[in-house]
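Reader: I've got a model open on my screen and I'd like to learn how to read its charged pairs. Could you walk me through it?

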Amino acid sequence: MQTGADSSKMECLWSSWKCQAIDLLYWRDIKQTGIVFGSLLLLLFSLTQFSVVSVVAYLALAGLSATISFRIYKSVLQAVQKTDEGHPFKAYLEMEMNLSQDQIQKYTDCLQLYVNSTVKELRRLFLVQDLVDSLKFAVLMWLLTYVGALFNGLTLLIMAVVSMFTLPVVYDKYQAQIDQYLGLVRTHINTVVAKIQAKIPGAKRKAE
């Protein structure tokens, strides 16, 4: 059972992750966002051309080539200059990388929270607790069958990554105009849903 202190820690952890994600998606640090965005796109485009095993192997070889070359370069430089600076990666080798029991528990609790929420929501939709929500979900799944016929999973993932790193900036710049059009669309959808609820017996939501 979670205590108040544990819940507070989880909220602080989630808040920290959220702030870091917002900073990345809104390009607050252009260099950091560029590295993350470019790395993700490079990885995804590589997966469209090669298998996962090949991509992992090539990435490992690239990393090893860089570290081995640097290690040899520093060793030769120390021999020529007759210095004893030690291992060039000493600071990283001595860095503490073990996850504590508390950290593992925090991540496990967060994962459990999202899994439970997802399972409950799917149960609610598939067992038709609310007819309108289940119909919306059915329409969404039907539309996804057409999306799946046009694009494969990796293509959709690439589009999602590009959207994640571009749409927030566009929305932040043109928020007023976008909100205006979204309001019109939302009003139209609500009107259609209201008409459907009026025609289907039992589709009206229970008064809260």
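Author: Let's go through salt bridges first, then the annotated spans. Keep in mind that this is a predicted model.

Reader: How many salt bridges does a search of the whole structure find?

Author: The general idea first: side chains of opposite charge can pair when their charged atoms come close. Here, the search turns up 4 salt bridges. One of them joins Asp-23 and Arg-28, with 3.1 Å between the closest N and O atoms.

Reader: Is Arg-28 buried or exposed?

Author: Arg-28 is exposed, at 54% relative accessible area, because exposed means over 50%. Asp-23 is partly exposed, at 35%.

Reader: Which side chain meets Arg-124 in a salt bridge at 2.7 Å?

Author: That's Glu-121, N to O. Both residues sit in helix 5 (residues 101-126), 3 residues apart, or about one turn of the helix. Arg-124 also forms a salt bridge with Asp-133, where the closest N and O atoms are 3.0 Å apart. Shared partners link Glu-121, Arg-124 and Asp-133 into one network.

Reader: And how accessible are the members of that network?

Author: Arg-124 is partly exposed at 21%, and Glu-121 is partly exposed at 35%. Asp-133 has a relative accessible area of 15%, so it counts as buried, the cut-off being under 20%.

Reader: Which residues does the "transmembrane region" annotation cover?

Author: The unreviewed UniProt entry gives residues 35-61 and 150-171. In the model, residues 35-61 are 93% helix, with end C-alpha atoms 20 Å apart. Residues 150-171 are 91% helix, and their end C-alpha atoms lie 27 Å apart.

Note on methods:
Residues are numbered from 1 along each chain as its sequence is written. This is a predicted model: local features need pLDDT of at least 70, side-chain atom pairs count only at pLDDT 80 or more; totals for chains, interfaces and linings use all residues. Side-chain values use heavy atoms; hydrogens and water are left out. UniProt positions are given in the numbering used here, feature names are shortened, and annotations may be inferred rather than shown by experiment. Helices (H or I, at least four residues) and strands (E, at least two) are DSSP runs, numbered from the N terminus. Buried means under 20% relative accessible area, exposed over 50%, partly exposed in between (1.4 Å probe, protein chains only).
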